[in-house]
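The sequence and the model come first.

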Amino acid sequence: MSDEGKGRLVVVSNRIPLSKPPAGGLVVALDDALRGSGGLWVGAAEEVVETPRDHLVEHPADGYTKLSFDLTAADRNEYYLGYSNGVLWPLCHRRSDLIDFRPEYREGYMRVNRRIAGLLKDLLRPDDRLWIHDYHFLPLAHCLRELGVDVTMGFFLHIPFPTHTDLEALSQPEAFLQWMAAHDLVGLQSQSDVASFLAAIRRAPRGELLPDGMVSYADRRFRIASFPIGIAPQEFAEASVAIDGSDLIGPDRRGAKLMIGVDRLDYSKGIPHRLRGFESYLDTRGPDMPRATLLQIAPPSRSEILAYKEIRAELEQIAGAVNGKHAELDWTPIRYLHRNIPREVLAPLFRAADAAMVTPLADGMNLVAKEYIAAQDPDNPGVLILSRFAGAAEQLKSSVMVNPYDRSQMAEAIGRALTMSREERRARHVEARANVFEHDIAEWSANFLRALGDVRGPGLSVDAG
Ligand code: ADP
Ligand code: F6P
């Protein structure tokens with residue numbers, strides 16, 4: 001990718017795996033993508049500093065170059081926790097009620113985006129392609145254009161695009177579209193996100209849908225399309241058989257089927273709703289329905305933010321109450337782990353589970369859903385219970401689809417999954433597996449980069465590797 005005379009791929013995202021292994025959809029996906037294609041990846045340093053350096057710092061990496069920018073404690077508080085995760089995250093996940101507007105958050109967000117634009121201006125060469133990721137950097141391309149940078153710029157939003165009504169909850173909803181319009185290509189996860197984007201453009205006084213499928217906003221023309229993100233399924237499948245997941249789980253689940261949930265501890269993931277649905281299953285379970293243990297792995301995430309502290313307390317309260325009501329001497333119905341688990345352990349656990357519950361209230365894609373499918377034994381697969389509000393629902397249509405707000409529907413889905421015939425499990429799995437293996441992470445990045453090349457005309461060389 002850094003060949004002479006050939007544009008480099010420069011990727012920017014807030015999170016970059018410097019010392020810790022990847023956890024979270026974006027880093028898992030980009031690490032997989034860049035290992036295949038090479039290039040440069042720019043992201044935030046792990047420790048805050050008192051005074052940010054005026055240059056990017058290079059880190060050892062395997063297959064691609066990693067560069068970090070510095071953040072101060074104020075930057076982290078205002079740009080990352082405050083505006084990105086206290087305003088934009090709830091806005092995009094249909095939780096505008098949780099938005100915490102403070103002027104210093106927006107100022108900090110713009111300050112960091114402008115600073116990074118300055119650092120990138122020094123790094124970029126005219127034939128490079130810049131690929132910006134996620135809601136931390138909505139204004140970055142706009143800031144770069146203001147500095148006169150004219151490279152091809154693509155943007156991919158990993159989380160849902162806000163509905164028109166949600167956008168109105170922003171003090172300056174038009175800024176969102178103006179920032180998007182600074183790119184040559186905007187990629188979203190799902191068709192439903194594209195529909196939300198186009199609805200916002202249609203309603204904006206300065207927005208227009210052009211006959212050639214392009215979009216214009218104010219003085220800019222750009223393209224928008226959905227690029228559903230995938231995983232590296234082969235690697236995950238291999239990891240799932242390296243050890244036996246059943247051996248990892250202790251004995252206190254005698255006779256019980258195993259269900260698994262794996263999510264960052266985030267209110268968008270619907271974990272309390274999931275536990276309530278599971279509780280309903282246990283409450284209403286007849287004598288011919290199996291016992292079940294739900295292994296819920298939920299590592300800490302953004303724990304300085306009040307809404308995240310509250311969801312943790314809620315989860316602990318529900319898990320305690322359900323176990324208090326239903327546990328027996330040889331069986332604990334909910335096993336809850338509040339920590340990171342290496343992928344080499346997660347994959348065998350997925351394979352050992354009779355069903356997975358992936359039941360977010362809103363989610364851009366949800367990679368866990370795809371990882372669970374990749375980890376199954378095709379001959380005797382488990383069942384994916386999937387929220388219709390996950391982006392993955394547009395692809396994994398053979399899952400047992402649920403509305404996570406409906407407790408009795410969740411309970412019924414659990415019963416169905418745990419008693420499903422092997423024949424039906426196989427038929428559902430074959431369809432989902434084909435989707436996960438055909439539309440993998442390499443295809444995702446290749447499709448995006450091809451579209452990015454096309455949008456600026458044939459002069460640009462694009463090679464996703
Ligand atoms: P998000 O990006 O919102 O966190 P995704 O489901 O798209 O959600 O991606 C989460 C990624 O993080 C998956 O690759 C998953 O395997 C990984 N992950 C989630 N929970 C854990 C955990 N407890 N330990 C390690 N990895 C995890
Ligand atoms: O995939 C969505 C996302 O918000 C990524 O942008 C982010 O890296 C990941 O979830 C985990 O969140 P965080 O980086 O805040 O820990």
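Helix α13 is mostly covered, as nine of its nine residues are buried. A residue counts as buried if 20 or more other C-beta atoms lie within 10 Å of its own, as exposed if 12 or fewer do, and as partly exposed in between, with C-beta atoms placed from the backbone. The buried residues of α13 are Leu367, Val368, Ala369, Lys370, Glu371, Tyr372, Ile373, Ala374 and Ala375. Helices (H or I, at least four residues) and strands (E, at least two) are DSSP runs, numbered from the N terminus.

This is a predicted model, in which local features need pLDDT of at least 70 and side-chain atom pairs count only at pLDDT 80 or more, while totals for chains, interfaces and linings use all residues. Residues are numbered from 1 along each chain as its sequence is written, and chains are lettered from A and ligands numbered from 1 in the order in which they are written.

Asn366 lies in the loop between β14 (355-358) and α13 (367-375). Its phi is near 85 degrees, a positive value in a residue other than glycine. Ala218, also not a glycine, has a positive phi of about 50 degrees, and is placed in the loop between β9 (215-217) and β10 (220-226). Most residues other than glycine have a negative phi. Glu208 is found in strand β8 (residues 207-209). Between Glu208 and Arg221 there are 13 residues of sequence separation and 9.4 Å in space, C-alpha to C-alpha.

| Residue | Other C-beta atoms within 10 Å | Class |
|---|---|---|
| Asn366 | 26 atoms | buried |
| Ala218 | 13 atoms | partly exposed |
| Glu208 | 15 atoms | partly exposed |

A helix pair comes next. The axes of α10 (residues 271-284) and α11 (residues 306-326) come within 10 Å and cross at roughly 10 degrees. That makes α10 roughly parallel to α11. Axes are lines fitted to C-alpha atoms, for helices over the stretch in contact, and angles run from 0 to 180 degrees between N-to-C directions. Angles under 35 degrees count as roughly parallel, over 145 as roughly antiparallel, 65 to 115 as roughly perpendicular and the rest as oblique. On the α10 side the contact involves Ile271, Pro272, Leu275, Arg276, Glu279 and Leu282, which meet Glu314, Leu315, Ile318, Ala319, Val322 and His326 in α11. These residues divide into eight nonpolar, one polar and three charged. Here Ala, Val, Leu, Ile, Met, Phe, Trp, Tyr, Cys and Pro count as nonpolar, Asp, Glu, Lys and Arg as charged, and the others, Gly among them, as polar.

The domain assignment, automatic or from a database, gives domain 1 (9-230 + 442-455) and domain 2 (233-438). Their C-alpha centres lie 30 Å apart. In all, 22 residues of domain 1 are in contact with 19 residues of domain 2, where contact requires C-beta atoms, placed from the backbone, within 7 Å. Both α1 (25-37) and α2 (73-92) supply at least two residues each to the side of domain 1 that touches domain 2. That side has 10 nonpolar, 10 polar and two charged residues.

The protein chain as a whole has 16 helices and 16 strands, and 49% of its 465 residues count as buried. Its C-alpha atoms fill a box of roughly 70 × 45 × 45 Å, taken along the principal axes.

Technical notes: Two residues are in contact if their C-beta atoms, placed from the backbone, lie within 7 Å.
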